[in-house]
Amino acid sequence: MLLANLRRPGGLGKDAARAERRSEQLAAIDPHWNPTWPIKWQRNYAGVQQCVDGGADPDDILPGVTIAGVDVGTWLRRQRQGWKHLTQAQQELLGESGHRPAPDGP
């Protein structure tokens, strides 16, 4: 909830210099703290990343795998099938975790 508040206009403070400094500090921790894509996408990605960080092989995150009640497996399959519609940064994030576009079907 804190990051959601920080992303709001003026959430980093009214002083422009302080807000810029805070933004830089947050970016040093996580360059994607304030993504250009929807926050829902980022939350799903974080759930997938939680699986990978816990030792899951990317190929094992199948539909039905849930994190905090969200089916991140189904979400991941959609991302892989719609890879060309993702931004370069989204593709890179998923790729860094070992995820690749779905192979073209017959």
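In the predicted model, a polar atom of the glutamine 90 side chain is placed 2.8 Å from the backbone nitrogen of threonine 87. Glutamine 90 belongs to helix H5, which spans residues 88-96. Its relative accessibility is 5%, and glutamine 90 is therefore classed as buried, the limit being under 20%. When residues up to four places away in sequence are set aside, glutamine 90 touches Trp37 and Trp41.

Glutamine 90 is one of several buried positions in this helix: Gln90, Gln91, Leu93, Leu94 and Gly95 of H5 are buried. The cover over these buried residues of H5 includes H3 and H4. Just after H5, the backbone of glycine 98 adopts a positive phi of about 95 degrees.

Helix H4 comprises residues 72-81, and its buried residues are Val72, Gly73, Thr74, Trp75, Leu76 and Gln79. These buried residues pack against H3, E1, strand E2 (70-71) and H5. At the start of H4, the backbone nitrogen of glycine 73 has a side-chain oxygen of aspartate 71 within 3.2 Å.

The largest nonpolar core contains 14 residues, of which Trp41, Tyr45, Val48, Ile61, Trp75, Leu76 and Leu94 touch the most other members. Two or more residues of this core come from each of H3, H4 and H5, and the greatest contribution, five residues, is that of H3. Isoleucine 61, one of the members with the most such neighbours, is in contact with Val48, Cys51, Val52, Ala56, Val72, Gly73, Leu76 and His99, leaving aside its neighbours within four places in sequence. Apart from this core lies another, of five residues, including Leu6, Leu12, Leu26 and Trp33.

Valine 65 is located in the loop between H3 and strand E1 (66-67). Its relative accessible area is 25%, so valine 65 is partly exposed, a class that lies between the 20% and 50% limits. Leaving aside neighbours within four places in sequence, the contacts of valine 65 are Cys51, Asp60, Val70, Asp71, Val72 and Gly73. Among these contacts of valine 65, Val72 and Gly73 are also buried residues of H4, and Cys51, Val72 and Gly73 are also in contact with isoleucine 61. The C-alpha atoms of valine 65 and proline 9 are 35 Å apart, with a separation of 56 residues along the chain.

The largest pocket holds about 280 Å³ of space. Its lining consists of 14 residues, and those closest to the pocket centre are Leu3, Arg7, Gln42, Arg43 and Ala46. Helix H1 (2-7) and helix H3 (39-53) each contribute at least two residues to the lining of the largest pocket. The largest share of that lining is provided by H3, with six residues. By class, eight of the lining residues are nonpolar, three are polar and three are charged.

Technical notes
Residues are numbered from 1 along each chain as its sequence is written. This is a predicted model: local features need pLDDT of at least 70, side-chain atom pairs count only at pLDDT 80 or more; totals for chains, interfaces and linings use all residues. Side-chain values use heavy atoms; hydrogens and water are left out. On a 1 Å grid over the protein atoms alone, a cavity is a set of points where a 1.4 Å probe fits but cannot get out, and a pocket is an open set with protein on both sides within 12 Å along at least five of seven lines; lining residues have an atom within 4 Å of a point. Grid points are joined across faces, edges and corners, and a volume is the space filled by probe spheres set on the points. Helices (H or I, at least four residues) and strands (E, at least two) are DSSP runs, numbered from the N terminus. Ala, Val, Leu, Ile, Met, Phe, Trp, Tyr, Cys and Pro count as nonpolar, Asp, Glu, Lys and Arg as charged, and the others, Gly among them, as polar. Buried means under 20% relative accessible area, exposed over 50%, partly exposed in between (1.4 Å probe, protein chains only). Contact means heavy atoms within 4.5 Å. A polar contact is a pair of N or O atoms within 3.5 Å; within protein, one must be able to donate a hydrogen and the other to accept it, and residues adjacent in sequence count only if both atoms are side-chain atoms. A nonpolar core is a set of buried Ala, Val, Leu, Ile, Met, Phe, Trp, Tyr and Cys residues joined through side-chain atoms within 4.5 Å.
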